[in-house]
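Work through the exercises below with the structure in view. Try each task before reading its solution.

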Amino acid sequence: MRFCEKCGNLLVVEKKRKNIYLVCRKCKRVYKTKGEKLRIGSAITEGKKKIIVMTEKDQFAELPKTKIICPKCENMEAYWWMQQTRSTDEPPTMFYRCTKCGYSWRSYG
Ligand SMILES: [Zn+2]
Ligand SMILES: [Zn+2]
């Protein structure tokens with residue numbers, strides 16, 4: 001499981017010809033994979049491209065959970081992870097993802 005170095009969003013797996021890339025859906029940044037073994041789940045088609053994604057269940061099952069209120073659906077539990085988004089002398093940003101509706105948000109706390 002990998003996160004975008006720029007915005008901290010979760011990366012999805014995209015297959016182009018024989019190469020597999022990790023793509024950030026938010027800022028469209030593309031990361032090359034160095035022969036990493038990727039766990040690939042379902043294949044979906046977006047436009048003309050065939051995109052293979054890891055199942056969200058697999059990705060988020062590895063994350064710790066915490067009790068926090070989702071701003072969207074008021075569910076009381078969310079997955080969380082930390083990501084260094086800007087310069088290294090700034091504290092890392094906390095990200096949350098609701099276990100119920102899948103809404104993601106960040107905290108600068
Ligand atoms: Zn990004
Ligand atoms: Zn929610």
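**Exercise 1. Find the mean pLDDT of the protein, and the share of residues that reach 70 or more.**

Solution. Start with the term: pLDDT is the predictor's confidence in each residue, from 0 to 100. The mean for the protein is 73. Of its residues, 63% reach 70 or more. This is a predicted model, in which local features need pLDDT of at least 70 and side-chain atom pairs count only at pLDDT 80 or more, while totals for chains, interfaces and linings use all residues. Residues are numbered from 1 along each chain as its sequence is written, and chains are lettered from A and ligands numbered from 1 in the order in which they are written.

**Exercise 2. Identify the elements with the lowest and highest mean pLDDT, then the stretches under 50.**

Solution. Step one: take the elements. Helices (H or I, at least four residues) and strands (E, at least two) are DSSP runs, numbered from the N terminus. Strand β4 (residues 43–46) has the lowest mean, 44. Strand β6 has the highest, 92.

Over residues 36–46, pLDDT stays under 50. Over residues 50–56, pLDDT also stays under 50.

Step three: count contacts. Two residues are in contact if their C-beta atoms, placed from the backbone, lie within 7 Å. Beyond four places in sequence, the model has 20 contacts for residues 36–46 and 22 for residues 50–56. Where pLDDT is low, the predicted coordinates should not be read in detail.

**Exercise 3. Work out the strand order of the open sheet, and explain which strands stand at the edges.**

Solution. Step one: two strands pair if DSSP finds at least two bridges between them. Four strands form the open sheet, in the order β6-β7-β8-β9, with antiparallel pairing. The edges are β6 (65–67) and β9 (104–107). Each has a single partner strand, so one side of each lacks a neighbour in the sheet. From one strand to the next, the twist averages 40 degrees.

Step two: go pair by pair.

- β6 and β7 are antiparallel over three bridges; K67 stands opposite E77 in β7.
- β7 (residues 77–83) and β8 (residues 93–98) are antiparallel over six bridges. In β8, M94 is the bridge partner of M82, and T93 is that of Q83.
- β8 and β9 are antiparallel over four bridges; M94 stands opposite S107 in β9.

**Exercise 4. Classify I68 and T99: buried, exposed or partly exposed?**

Solution. Step one: set the cut-offs. A residue is buried if 20 or more other C-beta atoms lie within 10 Å of its own, exposed if 12 or fewer, and partly exposed in between; C-beta atoms are placed from the backbone.

Step two: take I68, in the loop between β6 and β7. I68 counts as partly exposed because it has 17 C-beta neighbours inside 10 Å. Leaving out residues up to four places away in sequence, I68 touches A78 and Y96. From I68 to W80, twelve residues apart in sequence, the C-alpha to C-alpha distance is 9.7 Å.

Step three: take T99, in the loop between β8 and β9. T99 has 16 C-beta neighbours inside 10 Å, so T99 is partly exposed. The C-alpha atoms of T99 and Y79 are 6.4 Å apart, though 20 residues separate them along the chain.

Step four: look at the whole protein. Of its 109 residues, 14% count as buried.

**Exercise 5. Examine K28, E74 and G102: what is the phi of each?**

Solution. Most residues other than glycine have a negative phi. Now go residue by residue.

- K28 has a positive phi near 65 degrees. K28 is in the loop between β2 (19–24) and β3 (30–32). K28 counts as exposed because it has 9 C-beta neighbours inside 10 Å.
- E74 also has a positive phi near 65 degrees. E74 is in the loop between β6 and β7. With 10 C-beta neighbours inside 10 Å, E74 counts as exposed.
- G102 takes a positive phi near 80 degrees. G102 belongs to the hairpin of β8 and β9, which has five residues between the strands.

Key. Axes are lines fitted to C-alpha atoms, for helices over the stretch in contact, and angles run from 0 to 180 degrees between N-to-C directions.
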